[in-house]
Amino acid sequence: MQHLIVATRNAHKTREIQQILGSEFAVCDLCAYPEISEMTESGGSFEENATLKAIAVSRKRPGLVIADDSGLEIEALGGAPGIYSARYASTNSTNIEKIDKLMEELVRAGAKKDARRARFRCVLALARNGQVLGVFEGIVAGRIADRPRGPHGFGYDPIFIPDGFEKTFAELPAEVKNNISHRARACRALSAELRAAATD
Ligand code: IMP
C-alpha cells in the first residue's frame with residue numbers, strides 16, 4: 001500500500017481523495033502533523049496555490065504529497081468566488097454564510113434562474129522533496145440551484161447541480177459525486193503519475 005500525505009486540514013477533501021483513489025493508497029492529512037503550520041494561499045490561481053502547498057509540505061515530510069486547490073466558478077459572477085471560495089463572505093464564514101452571500105450576489109447580478117451556469121474546478125499538485133512531479137486538473141460543469149438542498153458533502157455542494165442530474169451534489173450519494181466530481185477527474189488524471197512515482 002502506498003502512503004500519501006494530502007496537504008490540507010479539510011477532512012472532507014481528505015475523505016473524498018481517499019475514496020476516489022481507493023484502497024491501494026493510504027491517505028493522511030495535516031491533522032496528523034500539527035507541527036506543520038497553516039499555509040497562506042498567496043497564489044493568483046488554483047495551479048499556483050496547489051503548487052505552493054505541495055512544495056511547502058513536501059519540504060517538511062518525506063514521501064509523496066498531494067495538494068488540492070479547488071473552488072466554484074460562476075459565469076454570471078465573472079468566475080467568482082473561484083480561488084476565494086474558502087474565504088468568500090469573510091475569512092471565517094460558515095458554509096451557510098458563503099452560500100447566502102453567493103445567492104445575494106446572483107440576485108444583484110440579475111442572473112435569471114435558468115442562466116446560472118457554474119463549474120467546480122480542482123487542481124492537484126503532486127510533489128516530493130520540494131519538487132513538483134505534476135499538476136492535474138478536473139472540472140465538472142453544472143448550474144446553481146434555486147436554493148440549498150441536501151445533507152451530504154461540504155462547502156457549496158448544496159447549491160451545485162452537475163450537468164445530467166436534477167439533484168445537487170449534497171443530495172447525491174457520495175459514490176455518485178466521487179465518480180463525476182472535479183476532484184474525481186483530477187484524481188484520475190493524477191493516478192498514472194502517482195503509480196509511476198510510487199515505484200521510483
Ligand atoms: P481551498 O482549496 O482550501 O482554497 O478551498 C476550497 C473551497 O472551495 C472549499 O472550502 C469549498 O468552499 C469549495 N469547494 C471545493 N471543492 C468543493 C466541493 O467538492 N464541494 C463543495 N465545495 C467545494
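Which residues come nearest to the ligand? In this predicted model, the answer is Lys13, Glu41, Asp157, Lys177 and His182. They belong to a group of 16 residues around the ligand.

Start with where the ligand lies. Two elements each give two or more residues to the shell around the ligand: strand E3 (64-74) and helix H5 (182-198). E3 supplies the largest share, four residues. Sorted by class, the shell has seven charged, five polar and four nonpolar residues.

Now look at individual atoms. The side chain of Glu41 places an N or O atom 2.8 Å from an oxygen atom of the ligand. For the side chain of His182, the distance from an N or O atom to a ligand oxygen is 3.1 Å. How much of the ligand does the protein bury? Taken alone, the ligand exposes 490 Å², and the protein buries 93% of that.

Next, turn to the aromatic rings. A pair of aromatic rings is described by the distance of the centres and the angle of the planes. The model has three aromatic pairs. One of them joins Phe120 and Phe160. Their centres are 4.7 Å apart, with 55° between the planes, and the pair is tilted. Phe120 lies in strand E4 (residues 117-128) and Phe160 in strand E6 (residues 160-162), so this pair ties together parts that are 40 residues apart in sequence.

How values were computed: Residues numbered from 1 in each chain as written. Predicted model: local features only at pLDDT ≥ 70, side-chain atom pairs only at ≥ 80, totals over all residues. Heavy atoms only, no water. Near = heavy atom within 4 Å. Polar contact = N/O pair within 3.5 Å; in protein donor to acceptor, adjacent residues only side chain to side chain. Areas by Shrake-Rupley, 256 points an atom, 1.4 Å probe, with all protein chains shown as cover. Nonpolar A, V, L, I, M, F, W, Y, C, P; charged D, E, K, R; others polar. Phe/Tyr/Trp six-rings, centres within 6.5 Å; stacked < 30°, edge-to-face > 60°.
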